[in-house]
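Colleague: I'm new to this one. Can you put it up and walk me through?

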Amino acid sequence: MTAKVLVAYGTTNGSTAEIAETVAAVLRKEGCTAEALPAGTVTRVTDYDAVVVGGGLYAGRWHKDARRFLRRHRTALADRPLWLFSSGPLDPSASERDIPPVPGLRRAMTRLDAREHVTFGGCLQEGAKGRIAKMILRNGKGGDFRDFGRIEEWAAGVADELTRGSTARR
């Protein structure tokens, strides 16, 4: 049986969306049926066998759309395998060491029995929306710190768990 996977994401400037699209593409390549959707547009998750949720990090908090998604769908999410990712550090730290989830996300992980969380580097480029983003760019702190090789490797691990038939809750 092919696992049907939702990759939902919260993003402001599109960087997290690109990560989510990459995760979904790897899941499809590895034999799953997967689609990436903005978290705010998802009305139900019961059509999916598993869910991956990603959120950009802003001022030490997960993107509001990703946070709201977890709250809105908490009952259904508790009944299916769940993986989480964050994107955000505007430096190479996410590729150099494990960065734990922010406190609010850590609590949600426990409540929902999420299988795993990973933090990927972020991306902030010219043209980004938001006062703080523009200030960061003015100060020369922007750039693209996403490691797509690492993202693809992580997504392949998720696919491996799903295709081995280990989608049952722990």
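**A first look inside**

Modeller: V53 lies in strand β3. Helices (H or I, at least four residues) and strands (E, at least two) are DSSP runs, numbered from the N terminus. This is a predicted model, so local features need pLDDT of at least 70 and side-chain atom pairs pLDDT 80 or more, while totals for chains, interfaces and linings use all residues. Residues are numbered from 1 along each chain as its sequence is written, and side-chain values use heavy atoms, without hydrogens or water.

Colleague: Is V53 buried or exposed?

Modeller: Buried, because its relative accessible area is 0%. Buried means under 20%, exposed over 50%, and partly exposed in between (1.4 Å probe, protein chains only).

Colleague: What is V53 in contact with, past its sequence neighbours?

Modeller: Leaving aside neighbours within four places in sequence, V53 is in contact with A8, W62, A66, F69, L70, L82, W83, L84 and F85. Contact means heavy atoms within 4.5 Å.

Colleague: And how far is V53 from K4?

Modeller: They are 49 residues apart in sequence and 14 Å apart in space, C-alpha to C-alpha.

Colleague: Moving on to the core. Which residues touch the most other members of the largest one?

Modeller: V5, V7, V23, L27, V52 and W154, out of 26 residues in the largest nonpolar core. Such a core is a set of buried Ala, Val, Leu, Ile, Met, Phe, Trp, Tyr and Cys residues joined through side-chain atoms within 4.5 Å.

Colleague: Which elements give two or more residues to it?

Modeller: β1 (4-10), α1 (15-29), β2 (33-38), β3 (50-58), β5 (82-87), β6 (116-120) and α7 (148-163). The largest share, 7 residues, comes from α1. Apart from this core lies another, of 22 residues, with A8, A39, V53 and W62 among them.

Colleague: Why would they gather like that?

Modeller: In soluble globular proteins, nonpolar side chains tend to be buried together.

Colleague: V45 next. Where does it sit?

Modeller: V45 lies in the loop between β2 and β3. It is buried, because its relative accessible area is 1%. Not counting residues up to four places away in sequence, V45 touches L6, V51, F69, H73, A76, L77 and R80.

Colleague: What lines the largest pocket?

Modeller: It has 23 lining residues, and L57, Y58, A59, L90 and I136 lie nearest its centre. The elements giving two or more are α1, β3, β7 (123-124) and α6 (131-138). α6 gives the most, with 4 residues. By class, the lining has 10 nonpolar, 11 polar and 2 charged residues.

Colleague: And how much space is in the second largest pocket?

Modeller: About 250 Å³. It is lined by 14 residues, with R67, G104, L105, A108 and R111 closest to its centre. β4 (61-62), α2 (64-72) and α5 (103-112) give two or more residues each. α5 supplies the largest share, 6 residues.

Colleague: What about D113's phi?

Modeller: D113 has a positive phi too, about 55°, and is not a glycine. It is found in the loop between α5 and β6. D113 is partly exposed, with a relative accessible area of 32%.

Colleague: Last one, S15. Which helix?

Modeller: S15 lies in α1. It counts as buried because its relative accessibility is 9%. Beyond residues up to four places away in sequence, S15 touches G122, C123 and R146.

Terms used: 1 Å grid on protein atoms, 1.4 Å probe; cavity = no way out; pocket = protein on both sides within 12 Å on 5 of 7 lines; lining within 4 Å. Nonpolar A, V, L, I, M, F, W, Y, C, P; charged D, E, K, R; others polar. Points joined across faces, edges and corners; volume = space filled by probe spheres on them.
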